[in-house]
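Take a look at the chain below. This report visits a strand, a residue and a pair of helices in turn.

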Amino acid sequence: MASNDIDDIFGDLTEELDTAAELVAFVGDGQTHDVALSVSKQLGFAAEVRDGQCQDAMSYLSDNPAPQYLLVDIGSDELSAATSLFSLITALPEGTKLISVGSINDIGFYREMIEIGVSDYVLKPLTEKALLTAINNADKSNVVYISKDDELTQTENNKVMILGVRGGVGASTVAVNLAWVLAEEIKIKTALLDMDIEFGTVALTLDVEPTQGLREALENPERLDSLFISSTTAKLSENLAIMATEENLTEDLSFTHDGIAILMEALSREHQQLIVDTPKSAVKLRKDILSEAGTVILVTEYNLPCLRDTIRTQGSIKAINEECRVLIVANKTGNAHSAIPSSEFEKALGVSVDVEIPEDIKLSIKAANNGKPAVALEPKSKVSKAFTKLAKQIAPFDKSSSKKAVWRKLIGLK
């Protein structure tokens, strides 16, 4: 029997594949089974089509090599589908693309599927054309697509403050990777401002020379104009500008709240998004930046000291700037050393964590050695997917102007 003819929707396999399956499908009806088998033949894939859903796929992966494409039928149970698929995604290696099919015709559900890492969600009854399109798009799932009707707009406040609840949680790493995704993947003109003027790591991480204009801008904000900003920022690419410095440790830097406010406003006018990496220790500086921010991204970890400090920092943010939006980002997740389970952390915090960024020590070392952010080195990694999810939450899209976005067409809506 040829490997791509294996068909086991209603029975157990009695023969082993000659080669590892490139497409494995767990389906719940004959229609989906026939389409999956037909498409695999058209593409020349070694394939297995089995009767089952998410739990069956999990069992399969524990005993078999992961395929290039995994197709899972989630049926019509919206409540359990997202949880089951998320558990399945965490078990998949980076090279496996997950495509789900089901009967839930809802825009919000489709968005949730994409956010948790599903490459595509296709409505039943499944057709060959729809599955071929989903497989073709799966390899591009790490790319952010913008519909031609979605317009980039200057939002009311495009200033994003990155703040670690404690030292060492990776706030600067979040700032660098987020800015890179916004600039290079979503193609938003982005400025990254490192406000740790003595010990900042942004320039070092990105292997660029620290600029000399930050101190001048803070001490003499009346000089700030387009020409000054252009001459004092390091251009990493067409869409990404860096303003960072390494000031002398023995000299005092004198600046006022107005200096910070004017600098942030000037950078935000020249760019569609401003990301400000903020030192945890400088209390006055932190307050000044916070008062100007439209969004604050709190970076934390799943342990008791971080839980305490996240709760305390949340309260202080609203006391200073009650209008700003706060996003909680849990960094270095998925390791065996997390002291508090995510569910208990969120329960104690009183709000949900918006984005989890998995720990990848090898990728972190690789990024440090190459002078590039992790998302630039491995754009298909789970780390990159997490930063893309975060970027989408702050990207300045005017979604109200979208008349026929791509995802509407994909789930059969006009």
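Which residue stands opposite I99 in β4? L71 does.

## About the model

This is a predicted model, where local features need pLDDT of at least 70, side-chain atom pairs count only at pLDDT 80 or more, and totals for chains, interfaces and linings use all residues. Residues are numbered from 1 along each chain as its sequence is written, and side-chain values use heavy atoms, leaving out hydrogens and water.

## Strand β4

Strand β4 covers residues 97–102. Strands here are DSSP E runs of at least two residues, and helices are H or I runs of at least four, numbered from the N terminus. Six of the six residues in β4 are buried (under 20% relative accessible area; exposed is over 50%, partly exposed in between, with a 1.4 Å probe and protein chains only). K97, I99 and V101 lie on one side. L98, S100 and G102 lie on the other.

β4 runs parallel to β3 (residues 69–75), joined by six bridges. It also pairs with β5 (residues 120–123) in the parallel sense, over four bridges. Pairing takes at least two DSSP bridges. G102 stands opposite L123 in β5.

## Residue Q31

Q31 sits in helix α1 (residues 30–43). Its relative accessible area is 40%, so Q31 is partly exposed. The C-alpha atoms of Q31 and P125 are 7.1 Å apart, although 94 residues separate them along the chain. A polar atom of the Q31 side chain lies 2.8 Å from the backbone oxygen of L126.

## Helices α6 and α16

The axes of α6 (residues 171–185) and α16 (residues 382–394) come within 9 Å and cross at roughly 70°. Axes are lines fitted to C-alpha atoms over the stretch in contact, with angles from 0 to 180 degrees between N-to-C directions. The two helices are therefore roughly perpendicular (65 to 115 degrees; under 35 is roughly parallel, over 145 roughly antiparallel, the rest oblique).

Notes:
A polar contact is a pair of N or O atoms within 3.5 Å; within protein, one must be able to donate a hydrogen and the other to accept it, and residues adjacent in sequence count only if both atoms are side-chain atoms.
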